[in-house]
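Here's a quick walk through the model shown below. Have a look at it first, then read on.

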Number of protein chains: 2
Amino acid sequence: MTTYFEDIREGDVFRGDEVIVDKAEMLADARRNDPQPFHVDEELAKHFPYGGLTASAGYTVTLWYRSCRPIIAPFVFLGGFDWHIKMPNPVRAGDRLRLEIEIRRKRPSNKQSDRGYITTSQRFLNQDGKPVFVCEVVWIIATRDSSLAQLVEKLTVRATASEELPESP
Amino acid sequence: MTTYFEDIREGDVFRGDEVIVDKAEMLADARRNDPQPFHVDEELAKHFPYGGLTASAGYTVTLWYRSCRPIIAPFVFLGGFDWHIKMPNPVRAGDRLRLEIEIRRKRPSNKQSDRGYITTSQRFLNQDGKPVFVCEVVWIIATRDSSLAQLVEKLTVRATASEELPESP
């Protein structure tokens with residue numbers, strides 16, 4: 001089922017998948033991309049402001065995308081604008097995170113009838129309901145007018161087929 | 001060699017590692033975390049605004065961290081504040097990206113003598129000098145007064161040792 005710009009209402013709230021912070025994946029990411037002591041060394045991390053091992057913000061971004069998958073899947077998504085991100089609480093191994101998105105505002109494009117803009121307020125919450133990542137971003141979503149509509153039907157067929165072959169591009 | 005807050009000057013420019021956008025890694029990331037058609041399907045991507053396969057912004061964040069490693073390594077880094085991010089150009093497989101950071105402003109903490117704040121202007125540039133990712137972020141950096149100074153000496157020893165065992169935590 002495709003969701004078009006016309007189907008979205010201001011005030012709509014969407015919830016993403018629960019994603020669990022896997023310690024091995026979290027450490028592997030930090031060792032490769034962000035080897036700060038408080039991301040890679042349990043003992044040294046105790047001396048840093050958060051008092052223990054935390055996830056790299058880069059890895060948190062990866063998990064944010066992962067949680068968002070079921071939210072964004074029904075849209076024909078064309079892109080996003082600037083991100084304004086805050087990270088008010090640390091992410092730790094074993095945390096269970098889930099994205100919550102509220103649609104704050106929608107407006108059609110003045111120039112292109114095939115798309116509209118939705119302002120999303122995004123909160124990535126941990127198991128205690130505390131936000132670990134808060135983001136405002138405008139998404140560009142296709143309208144029913146979009147020439148991508150037909151393509152989307154093809155996509156739906158492909159997506160179904162690819163579930164049987166998850167590793168194929 | 002540790003770089004403390006006192007050693008940083010406004011106007012300093014730092015350059016990160018060149019990182020190459022590996023197509024297999026880019027696709028694996030997108031399939032797991034951000035399976036938009038224009039990130040995972042070369043043929044369908046042609047119909048979307050960028051006219052071809054592009055990296056997920058989440059993967060670009062991963063590469064941003066990877067390129068930053070040698071810039072941040074000499075600091076005793078305590079954390080960062082809000083991110084304001086723009087992505088003015090797409091990232092494609094085979095691109096060669098390098099982070100450039102300019103120190104715009106520095107100010108000591110009023111409350112804690114062990115740290116100071118530096119406002120960084122960060123541009124992640126591709127092989128044509130075009131920015132794919134632009135970010136303003138304030139970093140918290142330890143001063144010479146910091147009780148983490150001694151710890152850092154231990155860290156340096158550990159870091160040297162860990163080069164021989166890159167996979168160990």
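Rotate by 180° with 0.0 Å of shift along the axis and chain B superposes on chain A, with an RMSD of 0.0 Å (copies are superposed by least squares on the C-alpha atoms of residues with pLDDT of at least 70 in both). The two copies are thus related as by a two-fold rotation axis. In chain B, the C-alpha nearest that axis belongs to His84(B), 2.4 Å away from it.

This is a predicted model: local features need pLDDT of at least 70 and side-chain atom pairs count only at pLDDT 80 or more, while totals for chains, interfaces and linings use all residues. Residues are numbered from 1 along each chain as its sequence is written, and chains are lettered from A and ligands numbered from 1 in the order in which they are written.

Contact means C-beta atoms, placed from the backbone, within 7 Å.

| Chain A item | Value |
|---|---|
| Buried residues | 36% of 169 residues |
| Contacts joining residues at least 24 apart, among those at least 6 apart in sequence | 72% of contacts |

Leaving out residues up to four places away in sequence, Trp64(B) touches Leu99(B), Phe124(B) and Phe133(B).

Asp128(A), by contrast, is exposed, because it has 8 other C-beta atoms within 10 Å.

Conventions:
Buried ≥ 20, exposed ≤ 12 C-beta atoms within 10 Å, placed from the backbone. Contact = placed C-beta atoms within 7 Å.
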